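Reader: I am new to reading protein models. Can we go through one together, question by question?

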Amino acid sequence: MRQSEIPEPSQVADLLVYGLPGDYRVKINGEHLETRGNQVRRFHTSDSAIRALARCGLHHMRLELTNAG
């Protein structure tokens, strides 16, 4: 799913931000957020992933953050 295809907030049942420092990913209703080249979109920080989702109107999500140490 590309960022332009993200459904309205009322249609999002499950929103997950997960990963390790330097490699965070997003799943929306079980589908990875992808780049234009159909690759899984990766974020350097969890904060940048959360901000990108907030710009789309998505504010309620689960976080599964793993410490690399």
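Reader: Is Arg 25 buried, partly exposed or exposed?

Author: This is a predicted model, and every value here is computed from it. Arg 25 has a relative accessibility of 21%. Buried means under 20% and exposed means over 50%. Because 21% falls between these limits, Arg 25 counts as partly exposed.

Reader: Which residue forms a salt bridge with Arg 25, and how far apart are the closest N and O atoms?

Author: Side chains of opposite charge can pair when their charged atoms come close. Arg 25 has such a partner in Asp 23. At 22% relative accessibility, Asp 23 is partly exposed. The closest N and O atoms of Arg 25 and Asp 23 are apart by 3.2 Å.

Reader: How many salt bridges does a search of the whole structure find?

Author: Some of them join up: Asp 14, Arg 62 and Glu 64 are linked in a network. Another joins Arg 51 and Asp 47. For the whole structure, the search finds 5.

Reader: About how many helical turns separate Arg 51 and Asp 47?

Author: An α-helix has 3.6 residues a turn, so residues three or four places apart point the same way. Arg 51 and Asp 47 are 4 residues apart in helix α1. Their side chains meet at 3.2 Å, N to O. Because they sit 4 residues apart in this helix, the separation is about one helical turn.

Reader: Are Arg 51 and Asp 47 buried, partly exposed or exposed?

Author: Arg 51 has a relative accessible area of 46%. For Asp 47 the value is 45%.

Reader: Which residues in α1 are buried, and where on the helix do they lie?

Author: The buried residues in α1 are Ser 46, Ser 48, Ala 49, Ala 52 and Leu 53. Seen down the helix axis, they fall within an arc of 165°. What covers them includes β1, β2 and β4. Because of that arc, the buried residues of α1 line one face of the helix.

Reader: Which residues does Ser 46 touch, beyond those up to four places away in sequence?

Author: Ser 46 is found in helix α1, which spans residues 46-55. Its relative accessible area is 18%, so it is buried. Leaving out residues up to four places away, Ser 46 touches Tyr 24 and Leu 65.

Reader: At about what angle does α1 run to β2?

Author: The helix lies across β1, β2 and β4. Strand β2 covers residues 23-28. The angle between α1 and β2 is about 30°.

Reader: In what order do the strands form the sheet, and which stand at the edges?

Author: Strands of a sheet pair through backbone hydrogen bonds, either parallel or antiparallel. Here 4 strands form an open sheet with mixed pairing, in the order β3-β2-β1-β4. Each edge strand has a single partner, so one side of it is left without a neighbour in the sheet. Those edge strands are β3 (31-32) and β4 (62-65).

Reader: What is the bridge partner of Leu 16 in β4?

Author: Strand β1 covers residues 15-20. It pairs with β4 in the parallel sense, over 4 bridges. In β4, the bridge partner of Leu 16 is Arg 62.

Reader: Which elements give two or more residues to the largest nonpolar core?

Author: This core has 14 residues. Among those that touch the most other members are Leu 15, Val 26 and Leu 53. Two or more residues come from each of β1, β2 and α1.

Reader: Which residues does Leu 53 touch, not counting residues up to four places away in sequence?

Author: Leu 53 is one of the buried residues in α1. With residues up to four places away left out, its contacts are Leu 15, Val 17, Val 26, Ile 28, Leu 58 and Met 61.

Key:
Residues are numbered from 1 along each chain as its sequence is written. This is a predicted model: local features need pLDDT of at least 70, side-chain atom pairs count only at pLDDT 80 or more; totals for chains, interfaces and linings use all residues. Side-chain values use heavy atoms; hydrogens and water are left out. Buried means under 20% relative accessible area, exposed over 50%, partly exposed in between (1.4 Å probe, protein chains only). Contact means heavy atoms within 4.5 Å. Two strands pair if DSSP finds at least two bridges between them. Axes are lines fitted to C-alpha atoms, for helices over the stretch in contact, and angles run from 0 to 180 degrees between N-to-C directions. A salt bridge is a side-chain nitrogen of Lys or Arg within 4 Å of a carboxyl oxygen of Asp or Glu. The arc is that of the directions from the helix axis to the C-beta atoms. A nonpolar core is a set of buried Ala, Val, Leu, Ile, Met, Phe, Trp, Tyr and Cys residues joined through side-chain atoms within 4.5 Å.
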